[in-house]
Amino acid sequence: MNDLYNAGVREQNNESCYPIPRIAICILVPLFVTGLSVSVFILIVVHNPVFFLSFILLSALVLSLITWNRHNWRHKYAIFRFLRSFPDSELASAREGQLVKITGVVSCGSVSLESSYERTTRCIYASTLLYEHGGFGPKPNDANTSCFQWNLTYCERFSTDFYITDQKSGIRAMVKAGPGCKVVPLIVESKLVSTTRHCRILSPHLRKWLQERNLSVEARLLQLEEGYIQEGSIVTVIGVLHKNNEIVMIVQPEELLSTGCLWERLLFPIDVDGLVVGVSSVPGRIMNPDNRQSIEQ
């Protein structure tokens, strides 16, 4: 079983995964301060607002571009688009070490997973996320927290080795997504629990789930989301083909994959580090078949 939460934390701290490198931000900030100072000086001395207004407009455009790319990076839109645009591979004729994209029905290997909250069995990937509404007070050290918004305070993400049957050739391949492998899951979790300001009482099942993980069971604003890929689902995998005698395997690429520039959507390239597992059409359709949402009463 592969714990993907720690890998996700490493990815958040990996500068190469950002669409805009930190060094670019470090260069833009002094340029902005210098340009603002010069434009204000010209406005005061020459009484000409053209340069000042042009600088403000240019700064707003640059800030909007950075914010747009940051938003898309957090939601992995560019990687979803990369998954859909990458051409399907002919697994029967693919050569050793080739980057391939395989779409087919998945089945569990020697180890299967169970989703944390819904207890759905025979899964090859499972994730459970707990969000709390931001506010003042102590927060966990490993949580992404800030005031007055929804913050991720607890996360479980696991994957394991599984098999995929190629829809085009019928060839069955093992996908190495277990321990020691970097996996980029393109799975959108479904909201299962959401307390409201008028009703913050937690159900017995949710209280038990929180207690088992040494989390607070006091009434508060929270959301719980869960996603999983169950055996029999149709999944798309992008990885490197490896053949060992009669065994066909899909393993993680040794080098970073780049989504490339998407100029029509004003998106900068993003580096993808690991095996890509997701859905080729609409993300999230294969997990949580009921797709139900409950409001805690």
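Gly 109 sits in the loop that links strand 2, residues 99–108, to strand 3, residues 123–133. Please keep in mind that we are looking at a predicted model. With a relative accessible area of 22%, Gly 109 is classed as partly exposed, because the buried class requires a value under 20%. Setting aside its neighbours within four places in sequence, Gly 109 is in contact with Asp 161, Phe 162 and Tyr 163. Its C-alpha atom is also 9.3 Å from that of Val 175, although 66 residues separate Gly 109 and Val 175 in sequence.

Val 175 brings us to strand 6, which covers residues 172–175. Which way does strand 6 run relative to strand 11? The two strands are parallel, and 2 bridges join them, strand 11 being residues 247–251. Within this arrangement, Met 174 stands opposite Met 249 of strand 11.

Strand 11 also pairs with strand 10, residues 234–244, here in the antiparallel sense and over 5 bridges. Lys 243 faces Val 248 of strand 11 across this pairing. Strands 10 and 11 together form a hairpin, with 2 residues between them. In that turn, Asn 245 has a positive phi of about 60 degrees.

Is Leu 275 buried or exposed? Its relative accessibility is 0%, and therefore Leu 275 counts as buried. The C-alpha atom of Leu 275 lies 8.2 Å from that of Pro 185, a residue 90 positions away along the chain.

Conventions:
Residues are numbered from 1 along each chain as its sequence is written. This is a predicted model: local features need pLDDT of at least 70, side-chain atom pairs count only at pLDDT 80 or more; totals for chains, interfaces and linings use all residues. Side-chain values use heavy atoms; hydrogens and water are left out. Buried means under 20% relative accessible area, exposed over 50%, partly exposed in between (1.4 Å probe, protein chains only). Helices (H or I, at least four residues) and strands (E, at least two) are DSSP runs, numbered from the N terminus. Contact means heavy atoms within 4.5 Å. Two strands pair if DSSP finds at least two bridges between them.
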